[in-house]
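Me: I have a model to go through with you. Can we take it piece by piece, with cut-offs stated?

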Amino acid sequence: MELYNALIKSTLDSLKSLKGKSWDYNSRKSWPDLGASELILQSEAAYELGANGLGSANYVCVTSNSELVSKDQVILYGPDLNKIKKNNPFARIVLIRGGILDGDDDEVYRALKQIEFSKYHVYPDGYMVRMSPENYREQIRVGKKAVKKGISFEAIGNRYIDEYKKDANVVNVTVIFITDPDFDYSVLTENAKKSDKLTSTLCHIMEGLPTDCTVCGLKDVCDEVEGMKELHFGVGDKGTNEHH
């Protein structure tokens, strides 16, 4: 599964100008998880990340390439949670290396969907997540008590990795947080849009919809992403003789 590789490379290239800090994955340092979503009132919040009017982006890219995702780690570009004093822009990007992503098409599809849903099962204490998939945003409200307890992106990232690695198809996970207030988050928003379109196109293909480009609204993705059109032909050949 190399469909997301160009997007992963683009993401990493866009972050080269930033100074980052990284931590190897350590489950013993994971932030406590509540097991259910928490309501943090405005009066209980220290600040918000990715709030309206501030940059925000969230997306996941999956690959089987060990050079692009070589180990489990957390990377931070910008101030950590204990250094932020007011509302701040925010992005969270997850890069995953999967194990069976070169197998049967149906298996790959199911594996990707299962990986995608993992992000909805993380509920860090004092860290309220609100997602807006239609805007490719993720907004975080951080509680005052959590800041006093020493909440950090290393601990939050470890918690996300814990959840992703429950999936037997996940080999390595890199969780990237960006909080640099001077970074151009619109670059990441565009990448998030591309990731969403790529995933939507893959779902479109795996659902066995017509492979006639003249009636397909996702033709531009197939044309742009290496390997997508070949996958579409392969799936389409199972149930149709139409050609692009």
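Me: Which residues is proline 32 in contact with, leaving aside its neighbours within four places in sequence?
Reply: This is a predicted model: local features need pLDDT of at least 70, side-chain atom pairs count only at pLDDT 80 or more, and totals for chains, interfaces and linings use all residues. Residues are numbered from 1 along each chain as its sequence is written, and side-chain values use heavy atoms, with hydrogens and water left out. Contact means heavy atoms within 4.5 Å. With sequence neighbours within four places set aside, proline 32 is in contact with Tyr123, Pro124 and Asp125.

Me: How far apart in space are proline 32 and proline 124, C-alpha to C-alpha?
Reply: Proline 32 sits in the loop between strand 1 (20-24) and strand 2 (45-49). Strands (E, at least two residues) and helices (H or I, at least four) are DSSP runs, numbered from the N terminus. In sequence, proline 32 and proline 124 are 92 residues apart; C-alpha to C-alpha, the distance is 5.9 Å.

Me: Is serine 152 buried or exposed?
Reply: Serine 152 lies in the loop between helix 3 (144-149) and helix 4 (153-164). Buried means under 20% relative accessible area, exposed over 50%, partly exposed in between (1.4 Å probe, protein chains only). The relative accessible area of serine 152 is 15%, so serine 152 is buried.

Me: Which backbone nitrogen does the side chain of serine 152 reach?
Reply: Leaving aside neighbours within four places in sequence, serine 152 is in contact with Asp80 and Leu81. Its side chain also reaches a backbone nitrogen at 3.2 Å. That nitrogen belongs to alanine 155.

Me: Which strands are the edge strands of the open sheet of 5 strands?
Reply: The strand order is 1-4-8-5-3, with mixed pairing. Each edge strand pairs on one side only. Two strands pair if DSSP finds at least two bridges between them. The edge strands are strand 1 and strand 3 (56-63).

Me: How many bridges join strand 3 to strand 5?
Reply: Strand 5 covers residues 90-98 and runs parallel to strand 3. Alanine 57 stands opposite alanine 91 in strand 5. The number of bridges joining strand 3 to strand 5 is 8.

Me: What angle does the direction of helix 4 make with that of strand 8?
Reply: Helix 4 packs on the sheet, touching strand 1, strand 3, strand 4 (73-77), strand 5 and strand 8. Axes are lines fitted to C-alpha atoms, for helices over the stretch in contact, and angles run from 0 to 180 degrees between N-to-C directions. The angle with strand 8 is about 150 degrees.

Notes. A polar contact is a pair of N or O atoms within 3.5 Å; within protein, one must be able to donate a hydrogen and the other to accept it, and residues adjacent in sequence count only if both atoms are side-chain atoms.
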